[in-house]
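Hello,

Here is the structure I promised to pass on. Please open it alongside this note. My findings follow below.

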Amino acid sequence: MKKPINELKMQFSGKSVNESFARAAVCAFIIQLDPTVEEINDIKTAVSEAVTNCIVHAYSDSIGKIYITVSLFENGEVKIKIRDTGKGIEDIKKAREPLFTTGGSDRAGLGFSVMETFSDKMYVRSTPLKGTTVTLIKRIEGKKK
């Protein structure tokens, strides 16, 4: 993979009040690629889902750290890694099935499906009791000038 032209790294507490901060910070950084409103909304939605998964599932009984790295590439590609050091996922294939949830009856089980829908590519790596990393890749076509 090519070297990024710019990169952002941040860390914050896995509290629900920080979900909107994460979404806004990632999108503010990506603005330099001149994305369309639709592209920004796609990224906001995918990042919100990933961060919410960290808060609800990885740290369901504690408040841990969430780490986000955003890498921008010359070809307009954006790579967003959202990582936690929480519970991890026992069965990634099962967790990625629509409507599957370990979060109880108030959760829809659509987080991974939503992330995948609003990204061009999505990768999930997880180790039980060590944490999960979700990598979202989105190509920014930008506004037609």
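Leaving aside neighbours within four places in sequence, which residues is Leu33 in contact with? They are Leu72, Gly76, Val78 and Ile140. Contact here means heavy atoms within 4.5 Å. Leu33 sits in the loop between α1 and α2. Its C-alpha is 8.3 Å from that of Leu72, although the two are 39 residues apart in sequence.

First, the ground rules. This is a predicted model, in which local features need pLDDT of at least 70 and side-chain atom pairs count only at pLDDT 80 or more, while totals for chains, interfaces and linings use all residues. Residues are numbered from 1 along each chain as its sequence is written, and side-chain values use heavy atoms, with hydrogens and water left out.

Overall layout

The chain has four helices and five strands. From the N terminus, the order is β-α-α-β-β-α-α-β-β. Helices (H or I, at least four residues) and strands (E, at least two) are DSSP runs, numbered from the N terminus. Of the 145 residues in the chain, 44% are buried. Buried means under 20% relative accessible area, exposed means over 50%, and partly exposed lies in between (1.4 Å probe, protein chains only). Take the contacts between residues at least 6 apart in sequence: 64% of them join residues at least 24 apart.

The α1/α2 pair

Helix α1 covers residues 19–30 and helix α2 covers residues 37–58. They pack at an angle of about 145°, with axes 9 Å apart. Axes are lines fitted to C-alpha atoms, for helices over the stretch in contact, and angles run from 0 to 180 degrees between N-to-C directions. From α1, Glu19, Ala22, Arg23, Val26, Cys27 and Ile30 take part. They meet Ile40, Ile43, Lys44, Val47, Ser48, Val51, Thr52 and Ile55 in α2. The residues of this contact divide into nine nonpolar, two polar and three charged. Ala, Val, Leu, Ile, Met, Phe, Trp, Tyr, Cys and Pro count as nonpolar; Asp, Glu, Lys and Arg count as charged; the others, Gly among them, count as polar.

The buried residues of α1 are Glu19, Ala22, Ala25, Val26, Cys27, Phe29 and Ile30. They pack against β1, α2, β2 and β3.

The core

The largest nonpolar core has 34 residues. Such a core is a set of buried Ala, Val, Leu, Ile, Met, Phe, Trp, Tyr and Cys residues joined through side-chain atoms within 4.5 Å. Helix α2 gives the largest share, nine residues. Ile68 and Ile80 have the most contacts inside this core. Beyond four places in sequence, the contacts of Ile80 include Val26, Ile30, Ile43, Val47 and Ile68.

Most residues other than glycine have a negative phi. Asp34, in the loop between α1 and α2, has a positive phi of about 60°. Leu129, in the loop between β4 and β5, has a positive phi near 70°. Asp34 is partly exposed, with a relative accessible area of 24%. Leu129 counts as exposed, because its relative accessibility is 75%.

Gly142 lies in the segment after β5. It counts as buried because its relative accessibility is 8%. Not counting residues up to four places away in sequence, Gly142 touches Asp34, Pro35, Thr36 and Glu39. Gly142 and Glu39 are 103 residues apart in sequence and 7.8 Å apart in space, C-alpha to C-alpha.

Best wishes
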